[in-house]
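Grab a pencil and work through the exercises below. Try each task yourself before you read the solution.

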Amino acid sequence: MKKFLLKSLLVFAIFFAVAGLPNLLFCLIAPAWVKFELPRDTTVVFIGDSHIEIGIDEKFIPGSINFAKSAEPFLNMYPRLKKLLEANPQISTVFVDVTPHNLRKDKDGNIHSEDMRYLLRQNLRFYSLDEMALIPPKTYLGAIFNYRVAGSSMKSLIFKNPQKIFENLGCHFESNKRGLEADIKYGHARKRLGFSNNSPYGNEVQLKYLRKIVEYVRARNVRIIFLNTPIYHPYEFFDIPYYEATLKANFSDVEIWDYANFPVPDECRQDVNHLNKWGAEIFSKELARRMREEGIIGHETAAEM
């Protein structure tokens, strides 16, 4: 029995050294290298999940940065948005991705998902103790004992690229995919977007941290705007009445720009709820036009024309 325990401990030690230690060191060290300071003419931040990450191309919106990340819950956005605003007092407007998808009834399930393991690896150092306590132990274990990313963790630690680490926290992702037809035809959309009434998770944490984002941004005298990005036939794929009721009950005091029904050609969509790079250009130019009208940004640039 003693030999078995010793061998088990040896195997665990080897596995931790190969897979766990690089990831743990990355979680604790790498984010400290990131410099959050932006160019002084950057006054607008877009933050959210994949709807903004893929759907907004900041090169068409002067003075803006896309700081969104796929699958990101508001619990994760809050601490790193704080870091960004603290380092950039020139920021005057924050757009937050608030869609039927991230206000769905069971959205706290994201905190327990495999996606959160990756997000935690990038953001652990930014969390407060209160925020860390909301994340289940299995998510921490999944973030650390992940042999698939141990190599990239070690590479990042050795070569130390702060700009790359910053971009991994959130940036625009250019999608060349034209998958709307397949998303509908083969039922991918309903499987991917459908929520379960039997889910053990609600959206209490999601709503709590969205409110914390609102209050923090306003405390810095920064304008906050909720942004609902274009969706293909939103009533067919989302519980829009629930979404609207949730906003009314919890965030009636917050301005929202609702572009769910904004017309985008089918070939400019990646799938039902995401644009591709051609759709992102159309949508970003529309946002830039409206932002100029409201005085959020200045005059158009050559990239927008």
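One definition to start: a residue is buried with under 20% relative accessible area, exposed with over 50%, and partly exposed in between (1.4 Å probe, protein chains only). This is a predicted model, where local features need pLDDT of at least 70 and side-chain atom pairs count only at pLDDT 80 or more, while totals for chains, interfaces and linings use all residues. Residues are numbered from 1 along each chain as its sequence is written, and side-chain values use heavy atoms, with hydrogens and water left out.

**Exercise 1. Find the salt-bridge partner of Lys59 and sort both residues by accessibility.**

Step 1: A salt bridge is a side-chain nitrogen of Lys or Arg within 4 Å of a carboxyl oxygen of Asp or Glu. Side chains of opposite charge can pair when their charged atoms come close.

Step 2: Look for the partner. Lys59 pairs with Asp57, and their closest N and O atoms are 2.6 Å apart.

Step 3: Sort them. Lys59 counts as partly exposed because its relative accessible area is 47%. Asp57 has 7%, so it is buried.

**Exercise 2. How many salt bridges does the structure hold? Look at some pairs and a network.**

Step 1: The count is 16 salt bridges.

Step 2: Take Glu72, which bridges to Arg80 with closest N and O atoms 2.4 Å apart. Both Glu72 and Arg80 are buried.

Step 3: Now try Asp106, whose side chain meets that of Arg104 at 2.7 Å, N to O. Asp106 and Arg104 are buried too. Salt bridges with shared partners also tie Arg223, Glu255, Arg290 and Glu294 into one network.

**Exercise 3. Which residues of helix α8 are buried, and what do they pack against?**

Step 1: Locate the helix. Helices (H or I, at least four residues) and strands (E, at least two) are DSSP runs, numbered from the N terminus. Helix α8 spans residues 162-169, and Ile165, Phe166 and Leu169 are buried in it.

Step 2: Check which way they point. These residues sit on the same side of α8, because they cover an arc of only 100° around the axis (taken from the directions from the helix axis to the C-beta atoms). An α-helix has 3.6 residues a turn, so residues three or four places apart point the same way.

Step 3: Find the neighbours. The buried residues of α8 pack against β2 (64-66), α3 (74-87) and α4 (114-123), with contact meaning heavy atoms within 4.5 Å.

**Exercise 4. Count the disulfides, then check Cys171.**

Step 1: A disulfide is a pair of cysteine sulfur atoms within 2.5 Å. By that rule, the count is zero.

Step 2: Cys171 is in no disulfide, and the nearest cysteine sulfur, that of Cys27, is 19 Å away.

Step 3: With a relative accessible area of 26%, Cys171 is partly exposed. Cys268, at 8%, counts as buried.

**Exercise 5. Which residues other than glycine have a positive phi? Work through Asn221 and His233.**

Step 1: Asn221 has a phi near 60°, which is positive, and it is not a glycine. Look for Asn221 in the loop between α11 (204-219) and β4 (223-228). Its relative accessibility is 73%, so Asn221 counts as exposed.

Step 2: His233, also not a glycine, has a positive phi of about 45°. You'll find His233 in the loop between β4 and α12 (234-237). At 43% relative accessibility, His233 is partly exposed.
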